[in-house]
Amino acid sequence: MADNPRTPIGKIVGASLVGTTIEWYDFFLYGSAAALVFPQLFFPESEPLTGTLLAFLTYAVGFVARPLGALVFGHFGDRLGRKKLLVVSLLLMGGATFLIGCLPTHASVGLWAPLLLTLLRLVQGFALGGEWGGAVLIVSEHGDTARRGFWASWPQAGAPGGNLLATAVLAVLAAVQTDEAFVSWGWRIPFLLSGVLVLVGLWIRLSISESPVFQQAVANAGPSPSLPIVEVFRYHWRDVLIAIGARFAENVSYYVITAFVLVYATQQAGLTKPVVLNAVLIGSAIHFVSIPMWGALSDRLGRRPVYLLGAAGVGLWSFAFFPLIDTRNFAAVTLAVTVGLILHGAMYGPQAAFFSELFATRMRYSGVSIGSQLASIVAGAPAPLIAVALLGAYESSFPIMLYVAGAAVLTTVTVYVSRETRGRDLVAIGTLDETETTRRTVRRDI
């Protein structure tokens, strides 16, 4: 099917936002289920905390597959275009999530149950590894330079949007079902709903045009390098390291706030599941709104100042986060989650534009994807595992506070030593020959 004429930026943003919301719904649904029901369904012979740890191990497997997805999708996205790969990623993610809802449990097939669960989690991670880069790039490369931070932040809002949707569905089910019914069959409903959501996302994504910046790069210089990832590490290895460091606190804090909190609040603080889910629901709604606001602010102040505020903020807030949850007061728990997510948004909002402005067009999909997903495997994947292990070893939240604060220090230092990218012309760095010239121009400007 031929691409349409250039699609208005509003429709591009809508297509990216709907797609990323669906994909993050699928991904976060797994994380919530790993905390709430998977330990007893797929690892029933383990102690509660050990079962949770094993469930989070399958959760982490999804992160392990993300760099591979970034590599494959980045390669073909730089050679074939952004749009085609976004359709493939949506199909893979939605199909895997739907099949999780059909899985037999340990009681039915024994060891096959966790093995099949792990396999489908790998497919989820592979798909999400390719989704993020394409979604933010197709918006960044359609939008104008002056408002790139704002427009590119909308696909980022798909993360809290997906979490909001997943948490809302789980909260409704928790409210209308008994614990026994939810564990028996109710947990399958949110996974099966993914099939319907994917059809909606596909209908929207198939109607948009290819990135004009990518099309111009191909018209001016022909196909991308045969191995874009090789060129990324040749010309942009420093930028890959910047992306990894910048994502560290963002990744760690997010999964502690939204995934590990379900474990800590229910098993350590003694709160009920609906209370915690509702707190995350409210926090995610405010997070969704705050991300574009932070993106717009980065268009005025620069990517670095806003990002630094978020990194330092989550590090400091970690020392208030757990004491607030320990109060067992719904308002305090909601405050803990909401403020944490608002501060996280100060990193996540500018991130799409910031990373897009680091790499040349001919290797941008590969560079953005591999940089962000390598961070996921070293930061996001082990975050719930490390938090659970620290809680089990010390029976205190203080080591977890130090863990989040340490991640914040690493990100703060990384962003501080990076260059400002606001206002960088994506077309001007569309070829390898122009990359170093543009770097020097940007450095003079800042």
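## Buried residues and packed helices

Ala35 is buried, with a relative accessible area of 9%. The cut-off for buried is under 20%, so Ala35 qualifies. Keep in mind that this is a predicted model.

Where does Ala35 lie? Ala35 is part of helix H1. Leaving aside neighbours within four places in sequence, Ala35 is in contact with Phe56, Ala259, Leu262 and Val263. Take Leu262 from that list. Ala35 and Leu262 are 227 residues apart in sequence, yet their C-alpha atoms are 6.4 Å apart in space.

Phe182 gives a second case. Phe182 sits in helix H9, residues 179-186. Phe182 counts as buried at 9% relative accessibility. Not counting residues up to four places away in sequence, Phe182 touches Val37, Leu170, Leu173, Gln177 and Trp187. Between Phe182 and Val37 there are 145 residues of separation in sequence and 8.5 Å in space, C-alpha to C-alpha.

### How the helices cross

Two packed helices are described by the angle between their axes and the distance between the axes.

| Helix pair | Axis distance | Crossing angle |
|---|---|---|
| H1 and H8 | 7 Å | about 50 degrees |
| H6 and H17 | within 9 Å | roughly 130 degrees |
| H1 and H6 | within 10 Å | roughly 160 degrees |

Start with H1 and H6. Angles over 145 degrees count as roughly antiparallel. The axes of H1 and H6 cross at roughly 160 degrees, and that makes H1 roughly antiparallel to H6. The crossing of H1 and H6 is left-handed. H1 brings residues including Ile9, Ile12, Val13, Trp24 and Phe27 to this contact, while H6 brings residues including Leu117, Arg121, Leu128 and Glu131. By class, the contact of H1 with H6 has 12 nonpolar, 5 polar and 4 charged residues.

H1 also packs with helix H8, residues 158-176, at an angle of about 50 degrees. That makes H1 oblique to H8. H1 passes H8 in a right-handed crossing. On the H1 side, the contact includes Leu17, Trp24, Tyr25 and Phe28; on the H8 side, it includes Gly158, Ala159, Gly161, Gly162 and Leu165. The contact of H1 with H8 divides into 10 nonpolar, 7 polar and no charged residues.

Now turn to H6 and H17. Their axes cross at roughly 130 degrees, and H6 and H17 are therefore oblique to each other. H6 passes H17 in a right-handed crossing. The contact of H6 with H17 has 6 nonpolar, 7 polar and 1 charged residues.

How far apart are the end C-alpha atoms of helix H17? They are 22 Å apart. At 1.5 Å a residue, the 17 residues of H17 should span 24 Å, so the two values agree. H17 is also mostly covered, with 14 of its 17 residues buried.

Helix H7, residues 148-156, is mostly covered too: 7 of its 9 residues are buried. Which residues of H7 are buried? They are Arg148, Gly149, Trp151, Ala152, Ser153, Pro155 and Gln156. What do the buried residues of H7 pack against? Their partners are H1, H6, H8, helix H14 (273-301), H15 and H16.

Most residues other than glycine have a negative phi, and most peptide bonds are trans. Two residues here go the other way in phi. Arg328 has a phi near 65 degrees, a positive value in a residue other than glycine. Phi of Glu395 is near 50 degrees, again positive and again not in a glycine.

Arg328 lies between helix H15 (303-326) and helix H16 (330-356). Glu395 lies between helix H18 (382-394) and helix H19 (398-417).

Are these residues buried or exposed? Arg328 counts as exposed at 51% relative accessibility. Glu395 is exposed as well, with a relative accessible area of 65%.

Technical notes:
Residues are numbered from 1 along each chain as its sequence is written. This is a predicted model: local features need pLDDT of at least 70, side-chain atom pairs count only at pLDDT 80 or more; totals for chains, interfaces and linings use all residues. Side-chain values use heavy atoms; hydrogens and water are left out. Helices (H or I, at least four residues) and strands (E, at least two) are DSSP runs, numbered from the N terminus. The expected span of a helix is 1.5 Å times one less than its number of residues. Buried means under 20% relative accessible area, exposed over 50%, partly exposed in between (1.4 Å probe, protein chains only). Axes are lines fitted to C-alpha atoms, for helices over the stretch in contact, and angles run from 0 to 180 degrees between N-to-C directions. Angles under 35 degrees count as roughly parallel, over 145 as roughly antiparallel, 65 to 115 as roughly perpendicular and the rest as oblique. A crossing is left-handed if the near helix is turned anticlockwise from the far one by less than a right angle, and right-handed if clockwise. Ala, Val, Leu, Ile, Met, Phe, Trp, Tyr, Cys and Pro count as nonpolar, Asp, Glu, Lys and Arg as charged, and the others, Gly among them, as polar. Contact means heavy atoms within 4.5 Å.
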